[in-house]
Every structure is written in structure tokens, then in C-alpha cells.
Amino acid sequence: MLFRYEWAYLNADVPPQRAANLERFLDEKQMPNNSLGYVYIAYAVLLLTDHPNMDIDRLTAETVRKFDADSAQVQRAMLYAVLMSWRYCGGRKLTVPEFIRNAADWLLAQE
């Protein structure tokens, strides 16, 4: 189950196979799944798969609205999650928008 914690209500909006594929991708990238950034990025990736032309500012704004959080808090949490993923997984260091776009492209290629 992708959203394990207090955001479990989001599972109703996500097709089970897409959620499983995204969770697999984030686990392979060794993103810490106990961080808020994990959930924010997962939501942004799912949103980007539904709306491929959306820019990162709009993705962040929609994520902030969905979780009723502060914009700076969401940005910091997503940055932390991406940096931890890079630290554990290695490879090319990606920015948050690059990571989200990469994840969305991979997710769409799996379908």
C-alpha cells in the first residue's frame, strides 16, 4: 500500500497497479518511506502522470493544497527525500523536478 500512514485515503484515487509500480520505483531509489517527502513526491508523481504538462510550481501548489501544508515545508521535505535517495542509491544527482519527471516517465512506461 503506497500511502501507509494518515494519508491512506489517497489510495482510493490511485489504481492498484500504478501505486504498486510507484512504490517499487521509490523503493528501488531507496527513498526513505517514513518521511513526509516520500508521500509528497509520490502524490506529485501520480499527479504528473495524470497531467503530463503540469510544471513543478503547479505540482507543488497542488500538493500543498491536497495536504494542507506550508509550501516551504513541502519543498524542504521533497528535497530531503530526493537527497537521501541520491545519498543511499548513488548515481546522478537529480533535482526535485528532475526526479519527479523521471519517476512519472518511468511509471507511464510501465503501463
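Predicted model: local features only at pLDDT ≥ 70, side-chain atom pairs only at ≥ 80, totals over all residues.
Modeller: Local features need pLDDT of at least 70 and side-chain atom pairs count only at pLDDT 80 or more, while totals for chains, interfaces and linings use all residues. Residues are numbered from 1 along each chain as its sequence is written, and side-chain values use heavy atoms, with hydrogens and water left out.

Biologist: How do you know that the span of helix α4 agrees with its 19 residues?

Modeller: Helices are DSSP runs (H or I, at least four residues), numbered from the N terminus. The expected span is 1.5 Å times one less than the number of residues. For α4, residues 71-89, that gives 27 Å, and the end C-alpha atoms are 27 Å apart, so the two agree.

Biologist: Why is T63 called buried?

Modeller: Buried means under 20% relative accessible area, exposed over 50%, and partly exposed in between (1.4 Å probe, protein chains only). T63 has 0%, so it is buried.

Biologist: What makes R18 and D50 a salt bridge?

Modeller: The term requires a side-chain nitrogen of Lys or Arg within 4 Å of a carboxyl oxygen of Asp or Glu. The closest N and O atoms of R18 and D50 are 3.0 Å apart, and the pair forms a salt bridge.

Biologist: How far apart are the closest N and O atoms of R18 and E111?

Modeller: They are 2.6 Å apart, and this pair too forms a salt bridge. R18 lies in helix α1 and E111 in the segment after α5, so the pair ties together parts 93 residues apart in sequence.

Biologist: Is E111 buried or exposed?

Modeller: E111 has 53% relative accessibility and therefore counts as exposed, whereas R18, at 14%, counts as buried.

Notes. Helix = DSSP H or I, 4+ residues; strand = E, 2+ residues; numbered from the N terminus.
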